[in-house]
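Biologist: I am new to this structure. Could you take me through it?

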Amino acid sequence: MNPELVKQIDATHLPVHIAIIMDGNGRWAKLRGLERTEGHVAGVESVRKVTECAARLGVKYLTLYAFSTENWNRPREEVDALLHLIVMSLRKEVPHLKENNVSLRVIGDIDRMPAHTRECLEKSIEETSVCDGTVLNLALSYSSRWEITDACRRLAREAAEGRIDWASIDDEAVASHLSTAGIPDPDLLIRTGGDERVSNFLLWQIAYSELYFTDIYWPGFGADQMLRAIIDYQGRERRFGLTSEQVSEHGQQ
Ligand code: IPE
Ligand code: IPE
Ligand code: MG
């Protein structure tokens with residue numbers, strides 16, 4: 001990590017949860033005359049760098065959007081290559097995660113994954129479960145509308161079975177039925193690759209997140225870019241609907 005950038009970080013005001021839409025692998029590869037898949041392979045290096053950066057800084061949660069529900073509609077060969085890469089990368093990276101005291105967690109419709117991919121994910125989660133530092137939360141086969149719909153379905157069922165009173169359903173009840181239950185909302189959402197959209201990612205959870213967009217393609221994103229995003233975040237005033245005066249009075253969280 002660049003010491004000049006590290007110096008600019010206020011360690012007492014770190015984002016607790018950073019979420020990243022890792023976009024631009026295909027364009028990164030195309031620019032270099034490579035197959036799109038080569039971009040995904042290069043992207044794994046960025047995942048490692050960013051995870052290590054989060055662990056070293058003490059960022060508690062890092063959620064990475066790795067494969068969306070909509071990505072299932074990509075050409076079959078690309079989907080297969082991505083699934084294969086997930087398994088290969090987990091096998092390779094788990095020892096590194098343990099060294100950095102990082103535990104793995106997954107959100108998404110994992111039942112759509114092939115059995116051996118699911119088994120590999122479960123094994124990696126189990127192997128890193130002793131780590132109590134940063135939580136690396138991988139969004140796989142994930143989309144926010146899938147997640148919110150699933151939460152509604154479960155709440156409706158609990159109400160129909162008389163286990164909860166429908167009138168008591170509040171923000172907290174909804175949040176506790178999402179796959180991110182127990183994880184605080186992201187403070188900072190980063191999207192690489194130049195597009196300024198959220199592509200069905202954490203729609204409920206980013207209600208008050210600070211958004212940071214960069215043109216850099218994901219394989220070009222590393223620790224220094226992450227530090228720059230955090231520095232930018234730390235320069236912002238989060239008002240949560242209040243006035244600036246109220247925020248100064250109560251002190252920034
Ligand atoms: C992000 O890179 C990785 C995934 C969505 C799996 P892309 O594959 O979307 O790369 P671009 O956006 O086409 O460049
Ligand atoms: C978002 O990237 C999903 C992931 C990074 C996994 P996409 O490339 O799928 O998003 P769109 O299609 O450009 O919105
Ligand atoms: Mg893309």
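**Two ligands and their shells**

Modeller: Strand β2 (residues 61-68) gives the largest share of the shell around ligand 2, with four residues. Keep in mind that this is a predicted model.

Biologist: How many nonpolar residues does the shell around ligand 2 have?

Modeller: Start with the names. The residues around ligand 2 are I21, M22, D23, Y65, A66, F67, S68, N71, R74, R191, R197 and S199. By class, the shell has four charged residues and three polar ones, and the nonpolar residues number five.

Biologist: Which residue has a polar side-chain atom 2.6 Å from an oxygen atom of ligand 2?

Modeller: Take the side chains in turn. In R74, a side-chain N or O atom is 3.2 Å from an oxygen atom of ligand 2. In N71, a polar side-chain atom lies 3.0 Å from a ligand 2 oxygen. The 2.6 Å distance to an oxygen atom of ligand 2 belongs to a polar side-chain atom of S199.

Biologist: What percentage of the accessible area of ligand 2 does the protein cover?

Modeller: On its own, ligand 2 has 390 Å² of accessible area. The space that ligand 2 takes is the largest pocket. Of that accessible area, the protein covers 78%.

Biologist: Now ligand 1. Which element gives the most to the shell around ligand 1?

Modeller: The surrounding residues are M22, D23, G24, N25, G26, R27, R36, H40, A66, N71, R74 and L82. Two helices, α2 (25-31) and α3 (36-57), each supply at least two residues of this shell. With three residues, the element that gives the most is α2.

Biologist: Which residue has a side-chain N or O atom 2.8 Å from an oxygen atom of ligand 1?

Modeller: A polar backbone atom of N25 is 3.1 Å from an oxygen atom of ligand 1. A backbone N or O atom of G26 lies 2.9 Å from a ligand 1 oxygen. The side-chain atom at 2.8 Å from an oxygen atom of ligand 1 belongs to R74.

Biologist: What percentage of the area of ligand 1 does the protein bury?

Modeller: Ligand 1 sits in the largest pocket. Taken alone, ligand 1 exposes 380 Å². The protein buries 87%.

Biologist: Last, the whole protein. What is its radius of gyration?

Modeller: The protein has nine helices and six strands. The globule rule gives 18 Å for 253 residues, and the protein's value is close to that, so the protein is as compact as a globular protein of that length. Its C-alpha atoms fill a box of roughly 55 × 50 × 35 Å along the principal axes. The radius of gyration is 19 Å.

Methods: Residues are numbered from 1 along each chain as its sequence is written. Chains are lettered from A and ligands numbered from 1 in the order in which they are written. This is a predicted model: local features need pLDDT of at least 70, side-chain atom pairs count only at pLDDT 80 or more; totals for chains, interfaces and linings use all residues. Side-chain values use heavy atoms; hydrogens and water are left out. A residue is near a molecule or strand if one of its heavy atoms lies within 4 Å of it. A polar contact is a pair of N or O atoms within 3.5 Å; within protein, one must be able to donate a hydrogen and the other to accept it, and residues adjacent in sequence count only if both atoms are side-chain atoms. Accessible areas come from the Shrake-Rupley method with a 1.4 Å probe; for residues, only the protein chains shown count as cover. On a 1 Å grid over the protein atoms alone, a cavity is a set of points where a 1.4 Å probe fits but cannot get out, and a pocket is an open set with protein on both sides within 12 Å along at least five of seven lines; lining residues have an atom within 4 Å of a point. A molecule sits in a cavity or pocket if more than half of its atoms lie within 2 Å of its grid points. Ala, Val, Leu, Ile, Met, Phe, Trp, Tyr, Cys and Pro count as nonpolar, Asp, Glu, Lys and Arg as charged, and the others, Gly among them, as polar. The radius of gyration is taken over C-alpha atoms; the globule rule is 2.2 Å times the number of residues to the power 0.38.
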